[in-house]
Amino acid sequence: MTETMRAVVLDEPGPATNLHVRRVPLPRPAPGWVRIRVKAFGLNRSEVMTRVGHSGAAVIYPRILGIEAVGVVDLDLTGTFREGQQVATLMGDMGRAFDGGYAEFTCVPVAQVIPFSSDLDWSLIGAVPEMLQTAHGSLTVGLDARPGQTLLVRGGTSSVGMATAVLAKRLGLTVLSTTRSPAKAEALTAIGVDHVIVDDGDIAARVRAIVPGGVDAALELVGTPTLHDTLRATRVHGTVCFTGMLSEQWTVTDFYPIDYLPAGVRLTAYTGGAADLLPEVLQTFLDEAAAGHVTIPLDRTFPLARTPEAHLYLESGQTRGKVVVLP
């Protein structure tokens, strides 16, 4: 085997042009780590934040970004996985504290390796891990969603928003989903969304016109600029889960709870990691996708050499699902 690999390296924070595809030494797994031959990796907004220097973790440059990847086991000195076994990996400070998935190979702790078996195309599988972990966790842990409930997804054409709608429909919920672009409405109805709302920042009254009294649950993916309006669209004893920050605004200025929170509406949050994506959850989702029972919201794929272009596309706001890179 060659002792080098191709990787997308960020030399210092900045624009997408700071991402450079070059040959770097093939990584050697540390004790307790696994080396994965990467077949695909999804792009995430958090990687854009890391690229521009807004990551909460201490990043030492140069760094290979990427908080997720799928592929096959290349080297596992722990003996946990067999060579060639299909696996996914995500989070755990991938692409921040240590080099991540933007490469032909990546090394990660064995505890954040998730096995699966699927004949789906790698481009589809690559769209799934972080998207599924966040959507599933938001619905189950964040919202405790139940069949028959109504759900508002704020930021519906994001990859997590679309995955949440897919999962929610399988669970038996009525889904309302937002988009800022009327041109994206068809992408939402195609995955089963019941009501598409064009978002101008003030949608609570329109939500309540569809669901008198307000929705049972709401997933906030846009962030703090729309959070107060999302709370107002939710019924008494309903729950809003704050999961995403597509707006890149992280905090509520001058937060006064009694004035900000509608009476009786519950506000929670969700974030998770590899341990929150159980192998059976991943396997079931992939199996249902293979059977045609669920749709994987894949927007577009790029080759490794065009990763900087993929970052620009992700930032453009044109996406309708997940952006995936194939090394």
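Helices here are DSSP runs of H or I with at least four residues, numbered from the N terminus. The structure on display is a predicted model.

Begin by selecting helix 4, residues 159–171. The buried residues are S159, V160, G161, M162, A163, T164, A165, V166, L167 and A168. Because 10 of the 13 residues are buried, helix 4 is largely enclosed by the rest of the structure. Step one residue beyond the helix to G172, where phi is positive, near 100°.

Six strands form an open sheet in the order 11-10-9-12-13-14, with parallel pairing. Select strand 11 (195–198) and strand 14 (266–269) to find the edges; each has a single partner strand, so one side of each lacks a neighbour in the sheet. On average, neighbouring strands of this sheet are turned by 20° against each other, direction ignored.

To locate a bridge, select T239 together with its partner R266 in strand 14.

Finally, display helix 7, residues 224–232, which packs on the sheet. Which strands does helix 7 touch? Its contacts are with strand 9 (150–154), strand 12 (215–220), strand 13 and strand 14. Viewed against strand 13, the direction of helix 7 makes an angle of about 155°.

Key:
Residues are numbered from 1 along each chain as its sequence is written. This is a predicted model: local features need pLDDT of at least 70, side-chain atom pairs count only at pLDDT 80 or more; totals for chains, interfaces and linings use all residues. Side-chain values use heavy atoms; hydrogens and water are left out. Helices (H or I, at least four residues) and strands (E, at least two) are DSSP runs, numbered from the N terminus. The expected span of a helix is 1.5 Å times one less than its number of residues. Buried means under 20% relative accessible area, exposed over 50%, partly exposed in between (1.4 Å probe, protein chains only). Two strands pair if DSSP finds at least two bridges between them. Axes are lines fitted to C-alpha atoms, for helices over the stretch in contact, and angles run from 0 to 180 degrees between N-to-C directions. Contact means heavy atoms within 4.5 Å.
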